[in-house]
Amino acid sequence: MLLPENPAGDYADAQIDDYGKLARAQFPWRPPLRMEVRARASHPAAGATTGADDMTVLRGTAGFGFWNYPFSVRGDVLMLPEAVWFFYAAPPSNMALVPGVPGWGWKAQVIHSMRPGALLATLPTALATGWGRVSQDSAPAARWLQRLSGAREALIETDITEWHSYSLEWRAGEARFWVDDNLVLRAPQPPTRPLGFVAWLDNQYAVATPRGVLRFGATPTAAQSLTIDSIHIQPL
């Protein structure tokens, strides 16, 4: 998947998926299953000190795995997100969903927003966010944001320009992720509803922080690519 040089920052996306025009109830994948992908990127991953204008790292977002495609054809948000995947984002993205984990980088990630507990967390999250903006203490809001999103994630410290094997097992009670057979994340209570497979590289960014900052956009990129050698998905 290749994005050409894009100095103007016009939206660009290279993607493969298997859900197309399917209704979400017909999305083809549900637990238990195992996915294995062998992949590499053209640029290194953004790190803790990467700036929003750094063109030497992979820009935008990228990844592969399963999600519920929570948008309309016009890009409107129709529902809360559900995902079990390997996910990457570079600054200016800052999706701070889990306390102590940076809001960007290359991650193993589970998001489970469409569950009863998420509704119960909505009001406390809003109140904690408001308090954080007044007090400058965002720690309570960060904890409530994780409860709202149902997010579990782990930063993957590996050179994404080299070939690596990425695997996940998605079961009803737990999702587990490996890089080159090394376990990097165990996430209890993942989504169980049908999801679709997607692998992509784009130039989007998203900001969602415990301080109540929420914005989206597209960013300039150099020519960049995500190369996938193989994809294997097997029901268990």
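A residue counts as buried when its relative accessible area is under 20%, and as partly exposed between that and 50%. Keep that cut-off in hand for this predicted model. Tryptophan 67 has a relative accessible area of 14%, so it is buried. Tyrosine 69 comes out at 28%, so it is partly exposed.

Now look at the rings. Two aromatic rings pair if their centres lie within 6.5 Å. By this rule the model holds 17 aromatic pairs. Tryptophan 67 and tyrosine 69 make one of them, with 5.6 Å from centre to centre. Their planes stand at 75°, and the pair is edge-to-face. Both residues also belong to an aromatic cluster.

Move on to phenylalanine 86 and tryptophan 106. Their ring centres are 6.1 Å apart. The planes meet at 35°, so this pair is tilted. It links distant parts of the chain, as the two residues are 20 residues apart. Phenylalanine 86 lies in strand β5, residues 82-89. Tryptophan 106 lies in strand β7, residues 105-112. Phenylalanine 86 has a relative accessible area of 0%, so it is buried. Tryptophan 106 is buried too, because its value is 6%.

End with a charge and a ring. Which ring does the charged end of arginine 34 sit over? It is the ring of tryptophan 178. The charged end of arginine 34 lies 5.4 Å from the centre of that ring.

Key: Residues numbered from 1 in each chain as written. Predicted model: local features only at pLDDT ≥ 70, side-chain atom pairs only at ≥ 80, totals over all residues. Heavy atoms only, no water. Phe/Tyr/Trp six-rings, centres within 6.5 Å; stacked < 30°, edge-to-face > 60°. Buried < 20%, exposed > 50% of the residue type's maximum accessible area, 1.4 Å probe, protein only. Helix = DSSP H or I, 4+ residues; strand = E, 2+ residues; numbered from the N terminus. Lys NZ or Arg CZ within 6 Å of the ring centre and 35° of its normal.
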